[in-house]
Amino acid sequence: RMPDGEEVNEQSLRKAFGNDVRATFEAYCASEQTMDGKYFVKLAKDCDLIDARLKERDVDLAFMKIKEREARRITYAQFLEGLVIFANKKGFSV
């Protein structure tokens, strides 16, 4: 869910983030269709998202929040939810 309680759906997030985000997600999936927590953190570091407002621990916590309970990897739709969390943590509304 988005911070305002609205249900997150892939189509609305694609519209907000564009198609380059999909290519970036796929590049960090390590030849899988899903991404693990290690690459989620690596992507945040490589894209210079880690700063005073968004710490590495926040990225780890976001991953834990968006993944399914027993899962170790996230889908593209869940990844987009993570980007919304990052944006909100940095003070942007999406």
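Student: What is the relative accessibility of Lys89, and does Lys89 count as buried, partly exposed or exposed?

Tutor: Lys89 has a relative accessibility of 42% and counts as partly exposed (buried is under 20% relative accessible area, exposed over 50%, partly exposed in between, with a 1.4 Å probe and protein chains only). The model is predicted: local features need pLDDT of at least 70 and side-chain atom pairs pLDDT 80 or more, whereas totals for chains, interfaces and linings use all residues. Residues are numbered from 1 along each chain as its sequence is written, and side-chain values use heavy atoms, without hydrogens or water.

Six salt bridges are present (a Lys or Arg side-chain nitrogen within 4 Å of an Asp or Glu carboxyl oxygen). In one of them, Lys89 meets Asp58 at 3.8 Å, N to O. This pair links distant parts of the chain, with Asp58 in helix H4 and Lys89 in helix H5, 31 residues apart (helices are DSSP runs of H or I, at least four residues; strands are runs of E, at least two). Asp58 is buried, at 18%.

The neighbouring residue in the numbering, Lys90, pairs with Asp51 at 2.4 Å, N to O. Lys90 counts as buried at 15%, and Asp51 as partly exposed at 36%.

Lys42 is partly exposed at 38%, as is Asp46 at 40%.

The buried residues of H3 are Gly37, Phe40, Val41, Leu43 and Ala44. They fall within an arc of 155° seen down the axis, so they line one face of the helix (the arc is taken over directions from the axis to the C-beta atoms). They pack against H2, strand E1, H4, strand E2 and H5 (contact is heavy atoms within 4.5 Å). At the N-terminal end, Asp36 caps H3, with a side-chain oxygen 3.2 Å from the backbone nitrogen of Lys38 (a polar contact pairs N or O atoms within 3.5 Å, one able to donate a hydrogen and the other to accept it; sequence neighbours count only through side-chain atoms). Just after H3, Asp48 takes a positive phi of about 55°.
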